[in-house]
Amino acid sequence: MGFVVRLRTWLKFYAIRKIAVLHGAKVGNNVNMSLRLAMKANCNLEIGSDVVIETSEIDLRDKVVIKDHVIINKHVSITRLSHFIDDNHEFTTRHYRPLVIESYSWLATGCHVLPSVDLIAKGSVIGAYSVLTKNTTEMDVVAGNPAKVIRKHSTLFEDLVVCSLQGGDLMYYIKSMK
């Protein structure tokens, strides 16, 4: 892709990032996120740099921290609150610890992250349409319902410019021209 296409894409995502920040979110550089997520963003959302978020289905009633170089594909849902009924049959809200999605993690299309999860460890890959019910450890590949560890992997994709996946890599493009 050329400069003009990258510029147009970068401006679009720049405006979307600013909307999220105006709503109280902390957002790093080169974040490509959906407008719907930016519109509902609040102080419970913290996003690092070079992140792609293609879903708006992130529950922001409790804190969600997304570190650098994370990919969250379409139709991923992240739920942060639940309800439980105690012995008196009172319907009450159950709060969980903040969710931290560490760097180089990838949440594939349609996966669900339940409130019981508070850590998706560095380099974790969550398979498409999986239901994550437990924390992951570094470099886990998990899949299924409920998601189980399939194997470990050894590639961090440190050279991958995540925002380039959607053409939002204008600043990297400019630096490479020097």
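Guide: Tryptophan 10 and tyrosine 14 share helix H1, standing 4 residues apart, about one turn of the helix. Helices (H or I, at least four residues) and strands (E, at least two) are DSSP runs numbered from the N terminus. The model is predicted, and local features need pLDDT of at least 70, side-chain atom pairs count only at pLDDT 80 or more, while totals for chains, interfaces and linings use all residues. Residues are numbered from 1 along each chain as its sequence is written, and side-chain values use heavy atoms, with hydrogens and water left out.

Visitor: How many aromatic pairs does the ring rule give?

Guide: Rings of Phe, Tyr and Trp (its six-membered ring) pair if their centres lie within 6.5 Å; planes under 30 degrees apart count as stacked, over 60 as edge-to-face and the rest as tilted. The count here comes to 1 aromatic pair. The ring centres of tryptophan 10 and tyrosine 14 are 5.0 Å apart and their planes meet at 20°, so this pair is stacked.

Visitor: Is tryptophan 10 buried or exposed?

Guide: Buried means under 20% relative accessible area, exposed over 50%, and partly exposed in between (1.4 Å probe, protein chains only). Tryptophan 10, at 16% relative accessibility, counts as buried, whereas tyrosine 14 is partly exposed at 36%.

Visitor: In which helix does phenylalanine 3 lie, and how accessible is phenylalanine 3?

Guide: Phenylalanine 3 belongs to helix H1, which spans residues 3–22. With a relative accessible area of 38%, phenylalanine 3 is partly exposed.

Visitor: Which residues is leucine 37 in contact with, leaving aside its neighbours within four places in sequence?

Guide: Contact means heavy atoms within 4.5 Å. With those neighbours left aside, leucine 37 touches Leu45, Ile53, Thr55, Ser56, Ile58 and Leu60. Leucine 37 and threonine 55 are 18 residues apart in sequence, and their C-alpha atoms are 7.2 Å apart in space. Leucine 37 sits in helix H2 (residues 35–40) and is buried, with a relative accessible area of 0%.

Visitor: In what order do the strands of the open sheet stand?

Guide: Two strands pair if DSSP finds at least two bridges between them. Here 3 strands form an open sheet in the order E7-E12-E15, with parallel pairing. The edge strands are E7 (77–78) and E15 (131–132), each of which pairs on one side only.

Visitor: Over how many bridges do strand E12 and E15 pair?

Guide: Strand E12 (residues 112–113) and E15 pair in the parallel sense over 2 bridges. The bridge partner of valine 113 in E15 is leucine 132.
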